[in-house]
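Okay everyone, thanks for coming.

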Amino acid sequence: MIRNRLAELLAERDLKISRVAAQLPNLSRNTITATASNTGKMIQLETVDTLCQFLHIEPTDFLNIFHSTLILTLQLLKTKLSSQTLLEIQFI
């Protein structure tokens, strides 16, 4: 999953969406709001470029990539009770 960090980047700089929209006439407030909330299905490359230039960052700073695979490390322990052997799984 790919998410943008616009809300975080604006908060770090104490910037409000309305102020950014006023300084970037080619981006609407609605576009900036939707981008910051990660609610859209897509984002224009021109929008990313404009926001990155405004924030003085690279696109790699603007985007976060989350891998959908969860990797777990398991430690298996054997416990003997009477004549039965139980297997416990503990998450580390």
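This is a predicted model: local features need pLDDT of at least 70, side-chain atom pairs count only at pLDDT 80 or more; totals for chains, interfaces and linings use all residues.

Where does Thr50 sit? In helix H4, which covers residues 45-55. And is Thr50 buried or exposed? The relative accessible area comes out at 12%, and the cut-off for buried is under 20%, so Thr50 counts as buried.

Now over to Leu6. You'll find Leu6 in helix H1, residues 6-12. Its relative accessible area is 0%, so Leu6 is buried. What does Leu6 touch, if we skip residues up to four places away in sequence? Here we get Ile32, Thr35, Ala36, Leu51, Leu55 and Phe62. Take Leu55 out of that list: Leu6 and Leu55 are 49 residues apart in sequence, yet C-alpha to C-alpha they are 9.5 Å apart in space.

That brings us to the core. The largest nonpolar core has 16 residues, and the ones touching the most other members are Leu6, Val20, Leu51, Leu55 and Phe62. As for who supplies this core, at least two residues come from each of H1, helix H2 (17-23), helix H3 (29-37) and H4. H4 gives the largest share, four residues. For background, nonpolar side chains in soluble globular proteins tend to be buried together.

So, back to where we started: H4 is the helix that holds Thr50, and H4 also brings the largest share of that core. That's my bit, over to you for questions.

Terms used. Residues are numbered from 1 along each chain as its sequence is written. Side-chain values use heavy atoms; hydrogens and water are left out. Buried means under 20% relative accessible area, exposed over 50%, partly exposed in between (1.4 Å probe, protein chains only). Contact means heavy atoms within 4.5 Å. A nonpolar core is a set of buried Ala, Val, Leu, Ile, Met, Phe, Trp, Tyr and Cys residues joined through side-chain atoms within 4.5 Å.
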